[in-house]
Amino acid sequence: MLIIFDLDDTLIDTSGSIIPGLLRNALQAMQKKGLEVSDFDRTYQRLLHFDRNHPNSRSALLEFLEIYGAPQACYDEGIREVYEEPIYSNPIQPIDDAIEVLNELAESYQLALVTKGKEHIQKEKMRRAKIPIKLFRYLCFCEEGPLSGPGKKGFYESIGREIGISPSQVLVCGDRISIDLTPAKELGYKTVQMRWGRGLGNTGLKKDVDYTILHLNELGPIAKQVKNMS
């Protein structure tokens, strides 16, 4: 059996330990590019609110800057700070029990990671959060492509084909339904939504979710159930 994980807000607390610091850096950088801010702390809190209610920081920055009538250079600078050259001012935390659960699952199942982001950035986040890369048989990084499901579908399909495993024996765990789970469901895989960070909002169609968890330690019994169903 194969379990495929997302990284951000599935194994790493991106919304809690990464995004707030990156958005603060972005706001400071955008000020230097012409964004008019009269009260920094109040504007920062508003930006955080925008981010919590968008599927990703890219779309949050776009709408935020449109409202403020900021020049294009501000958006480019914000994207650079968040996605291209992030500076982590705070420790990056794993999701509760992530390391223990991964070690336990690796004893019985094949593990893979399919994550959106540049390879060197995602690996650095894993290193800082002490997520053991060696536990994953496959590591895939979606550096380009649309911010939607098809970006991951090809990776899911490629891994499954290489292993030669039945779709009924593949479990995909992620926080965002449309990006992480819908493409898996289209391939006949079982899906688990991790309700954390952006996963707490409306991220897609509930019909594409087979199981919902609030804590990673709930995943073991689900994996055992899926394995026994086939």
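**Cavities and domains of a predicted model**

Me: Which residues line the second largest cavity?
Reply: This is a predicted model, in which local features need pLDDT of at least 70, side-chain atom pairs count only at pLDDT 80 or more, and totals for chains, interfaces and linings use all residues. Residues are numbered from 1 along each chain as its sequence is written, and side-chain values use heavy atoms, with hydrogens and water left out. A cavity is a set of points on a 1 Å grid over the protein atoms alone where a 1.4 Å probe fits but cannot get out, and a lining residue has an atom within 4 Å of a point. For the second largest cavity, the lining consists of Ile 95, Asp 96, Asp 97, Met 194, Trp 196, Leu 214, His 215 and Leu 216.

Me: How many charged residues does the lining of the second largest cavity have?
Reply: Asp, Glu, Lys and Arg count as charged; Ala, Val, Leu, Ile, Met, Phe, Trp, Tyr, Cys and Pro as nonpolar; and the others, Gly among them, as polar. In this lining 5 residues are nonpolar and 1 is polar. The number of charged residues is 2.

Me: What is the volume of the largest cavity?
Reply: A volume is the space filled by probe spheres set on the grid points, which are joined across faces, edges and corners. The volume of the largest cavity is about 50 Å³.

Me: How far apart are the centres of domain 1 and domain 2?
Reply: An automatic or database assignment gives the domain bounds. Domain 1 covers 2–13 + 92–229, and domain 2 covers 18–84. Taken over C-alpha atoms, the distance between their centres is 28 Å.

Me: Which residues form a salt bridge of 3.0 Å, N to O?
Reply: A salt bridge requires a side-chain nitrogen of Lys or Arg within 4 Å of a carboxyl oxygen of Asp or Glu. Across the interface of domain 1 and domain 2 there is 1 salt bridge. The side chains that meet in a salt bridge at 3.0 Å are those of Arg 198 and Asp 51.

Key
1 Å grid on protein atoms, 1.4 Å probe; cavity = no way out; pocket = protein on both sides within 12 Å on 5 of 7 lines; lining within 4 Å.
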